[in-house]
Amino acid sequence: MSHLRTQPLVRVEGEGEIAVVVDGNNRVIDVEYHITEAPRFFEYIVRNKHFTIVPDLVSRICGLCGSSYELGAARAFEVGFEINVPEKIEKYRVMIHLAERIKSHVLHIGFLNLPDLIGTRTFMDLEKRNPEIFRIIINLVKTSEFLMKSLGGRIHNVVPIQVGGVSKLISREEAVKLGKLMRDVLAPSLEKFADFILSLETYPDEKQELVLCTVLEEGYPHMSTMIECNDTRMPAYEFYEKTVEVIQRDNKTALLYKLNGRPYVVGPIARFNKNRDKLHPMTIDLLRQYGWNRKLNNVFQGAVARIAETHDAMIRILEFLENYESISTSGVLKPVTGSEMNLCVNAIEAPRGILYHRYTVDKYGLITEANLVTPTAQNIAALEEIGKHMVLNEVLNENILDTLRKVAVAFDPCISCSVHSMRVKIVKKY
Amino acid sequence: MIRVAFLKLTSCSGCLNQSLVALLSNEELLGKFEFAYFTELGLLTEDYFDILFVEGSVSNSKQEKELREFRKKSKTLVALGTCAVQGGIQSLRSGEDVEEVKKTVYPFPDKIDIYSDPKPISDVVKVDFAITGCPINGDAVVNFLRKYDVGGLPLILPESVCCECKRNGLTCVMVAQGTPCLGPVTVSGCGALCPSFQRGCYGCYGLRTWDLDKTRLEKFFDKLLKLGAPESMIQVIARGYGYRSYKYVRRG
């Protein structure tokens, strides 16, 4: 006889549940991570909408990585319609994207992940246990918020990113002021925070064999139409529309993604393990000081990758602001005379991993079909495999639930991203 | 300590994050307000709340039940964000055949429990105060809590985004550049963000209803189309962000 026990999944974005299946002897025979989030059908609501407003619509998919959606969608249309964005303007958009990476990683490590690493129940307990780190985290959150607001108008659903460029850039004076603030406030806080996180000795060290996927780029992964999975490279379209399997489980709103029958991992750990030599030289130095300039062994060490990416992003934004030139933005939008059916594809590295966009646009500029694949949807299968592997055949107790919860938090699932793929191969699980 | 809870329904967590950042940035509030329920922070105390903030719209019976239960435990309920107040961007599928909608996303659509139209939370429970926005302006939550602390509520100015443009000394993007802008019919509160970035407002705070009627609204939409706005821009406010208000305005 088997019964099901569930508990709400806390310290993740959005709503989910862990289901543990046990046998008559109370031994764990199966583990499932459920997303209980109600779907919002973004792939449906963008249909028949003009492509120029789509970046603003899809940014509402996620309350943490909205700019990745905006930029990802804008670039998809620019690729599809061969719109050239001037290099300096593109760089500005990349900075907004990097600022978002800082914000998202700081929130994740500070509020969601840190309690597991230092053994407190919640972030709020930190106020008494380590008031200095508590203040530093708040300070980092505040400064990254200020950075997002200065470059993009607000913390998410940023305003200036549009198909073809940005609607307005900050002035040289504003950039200098912002650069100074970051150097005086953000940089020292981040250094202390990095010191704290990189010195922790609580990371489990067992090796996990992971299939790692990122977008393929010359520099540290950011945005591309090519995907690299372990050593295989292929166009994003082929990878997402023809290669990965999409599975919908009974009664569940989330779709699972697998590659050749195996789970794969996207996100900071995938980017870091494959490309850490492409991080900023100062970041590599920092990692070396703490002995972390090596491959991470498992998902629990993800905080290291997040700190490295946060540091890298901060240095790059600082350099950008301190060498800032004002650029005129007049006429970002070009009228489009597309063909009957235009395929617009792009893949962007959101904080949590590859975010795939594909839109088909008719000759009036209206979307006829869309497919969006979110990072979390891709990680759920891996999350489940790792969680299951750790507790299989053990007798159910509180520690088991705690382990499973920690696995989830380590992956930083953002289950608010409630869009799901609409295609294609269906694999029967049972 | 005043006990505060944050409940999430169908939404993106954006307003929750915005509130969290705003609260943590105001230390004097942290000394007066206590987070009792906030799943993102791992806080799950469910006994009673002085203030319940609700993010998101209601899109299935499970959420409806949860919302009713939380309402019973709370003295004051605040709808947080355009989704909770008016239904939000997901309302763009309202009025469509829900079975068709499901089919576009899921291989097994019949397994998905979902209402045909997303509901604003006021369809289900009594709402004491509403803070609109997509996302909300964090300052509005801070303002609310400060006023609550001294025993009052913030004043609501019934005005459009235009008023904020004027106060901020911004040149009208529609008059000066001919850029289609929904500011004149959109609820204020963002600080005229889009015009300050040289673009037209797209209505994410929802449609203003106090002094609009069907004829004037349709005339205004016609004007936008003449300026070259895509039809979708109007759909986003009339059938998305401002869905409920639009239905209401069209009746009168």
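The model is predicted: local features need pLDDT of at least 70, side-chain atom pairs count only at pLDDT 80 or more, and totals for chains, interfaces and linings use all residues. Residues are numbered from 1 along each chain as its sequence is written, and chains are lettered from A in the order in which they are written.

**Helix H4 of chain A**
- H4(A) covers residues 87-118; helices are DSSP runs of H or I, at least four residues, and strands are runs of E, at least two, numbered from the N terminus.
- Its end C-alpha atoms are 43 Å apart, which agrees with the 46 Å that its 32 residues should span at 1.5 Å a residue (1.5 Å times one less than the number of residues).
- H4(A) is largely enclosed by the rest of the structure, because 29 of its 32 residues are buried (under 20% relative accessible area, 1.4 Å probe, protein chains only).
- Just after H4(A), Gly119(A) has a positive phi of about 75 degrees.

**Sheet of chain B**
- Six strands make an open, mixed sheet in the order S3-S2-S1-S4-S5-S6; two strands pair if DSSP finds at least two bridges between them.
- S3 (43-44) and S6 (129-131) of chain B are at the edges with a single partner strand each, so one side of each lacks a neighbour in the sheet.
- S1(B) and S4(B) run parallel, joined by five bridges.
- Ala5(B) stands opposite Leu52(B) in S4(B).

**Interface**
- Chain B and chain A bury about 5,600 Å² between them, 63% of it on carbon and sulfur atoms (accessible area lost on being put together, 1.4 Å probe, summed over both).
- Tyr106(B), Phe197(B) and Arg199(B) supply 12% of the area that chain B buries against chain A, more than any other three residues.

Technical notes. Heavy atoms only, no water. Buried < 20%, exposed > 50% of the residue type's maximum accessible area, 1.4 Å probe, protein only. Buried area = accessible area lost by both parts, 1.4 Å probe.
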